[in-house]
Amino acid sequence: MTVTPELDARVLVWSGRVTDELETSDLSLLEPEEMARFSAFRDRIRGARYAAVHGAVRRLLGELLNHAASEIRFGRHACPGCGRPGHGRPFVRTPPTSWELSLSRSGPYWLCAAADGMRVGADIEVLRPVNVGRLAKAVLTGSERSYMAGLPAERLPAEFIRCWTRKEAVAKASGIGIEAPLGRLEVRPAQPHALVRHSVSGFDADTWVVQDLPPGRDHFSAVSFPA
Ligand SMILES: [Zn+2]
């Protein structure tokens, strides 16, 4: 696990890479909802990675909140788009805390961001082949497509994934997550650290900071928080 240099004094960021072997020391920390999710994985490696990431995050939060890692309980806020509780922002239900958090996993990698009293969103994505031409219209804004059009073709998949992590980070900070209209969410990929506009019902701030984290050899990640 590595601790990223702080991008903003209020935001803590942790990231790491897990192994594909299941550790009972991770499983023993999970709460019933996580165990149910773990049990639903048909793929052994994906299940092991899920348990390892949630175990790691529980240990970190346990230290941060001075609480037993296995006794932390998570919940979800209602989604500001549809009001349903299934896919809103996650929060720590027990112990009561003003810390907000966001967790992302992709392949063996994970990223967790936390901020005290401030919304935060984190996203990490493994670089993979993407059909940028097919996805661009649905996912990118006009100016993002212009930016992409100025790049050499071999850079397009990586730049698309980087752009995607920025959109997901903003959408997760706002709480709307997967329902965000990504094709209208302008994340200014030419600026590694940018201010972007994104409003959701019930939240007064509509300007967000989005920032790339140092990229890995095969993955990108970004965090977002209210400006
Ligand atoms: Zn929703």
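Helices (H or I, at least four residues) and strands (E, at least two) are taken here as DSSP runs, numbered from the N terminus. The structure is a predicted model, in which local features need a pLDDT of at least 70 and side-chain atom pairs count only at pLDDT 80 or more, whereas totals for chains, interfaces and linings use all residues. Residues are numbered from 1 along each chain as its sequence is written, and side-chain values use heavy atoms, with hydrogens and water left out.

The domain assignment, whose bounds come from an automatic or database source, divides the chain into domain 1 (2-123) and domain 2 (126-226). The C-alpha centres of domain 1 and domain 2 are separated by 22 Å. Contact, defined as heavy atoms within 4.5 Å, involves 28 residues of domain 1 and 28 residues of domain 2. The size of an interface is often expressed as the accessible area lost when the parts come together. Between domain 1 and domain 2 about 2,100 Å² is buried, 58% of it on carbon and sulfur atoms, where buried area is the accessible area (1.4 Å probe) that two parts lose on being put together, summed over both. Of the area that domain 1 buries against domain 2, 33% is supplied by Pro80, Arg119 and Asp123, more than by any other three residues. Arg119 also has its charged end over the ring of Phe203, 3.7 Å from the ring centre; this assignment requires NZ of Lys or CZ of Arg within 6 Å of the ring centre and within 35 degrees of the ring normal.

Accessibility is classed as buried under 20% relative accessible area, exposed over 50% and partly exposed in between (1.4 Å probe, protein chains only). Cys79 is accordingly buried, at 3%, while Glu179, at 34%, is partly exposed.

The loop between α6 and β8 also contains Arg188, a residue that has a positive phi of about 50° although it is not a glycine, and that is partly exposed at 36% relative accessibility. A positive phi, near 55°, is likewise found for Asn66, which lies in the loop between α3 (44-65) and β3 and is exposed at 72%.

Thr94, in strand β4, is joined to Pro95 by a cis peptide bond with omega about 0°, and Pro95 belongs to the loop between β4 and β5 (99-106). Thr94 is partly exposed, with a relative accessibility of 29%. Residues up to four places away in sequence aside, Thr94 touches His67, Glu71, Ile72 and Arg73; the C-alpha atoms of Thr94 and Arg73, 21 residues apart along the chain, are separated by 4.8 Å.

Three aromatic pairs are present in the structure, a pair being rings of Phe, Tyr and Trp (its six-membered ring) with centres within 6.5 Å, classed as stacked for planes under 30 degrees apart, edge-to-face over 60 and tilted for the rest. The pair of Phe41 and Tyr50 is tilted, because the ring planes stand at 45°, with the centres 5.4 Å apart. Phe41 and Tyr50 are both buried.
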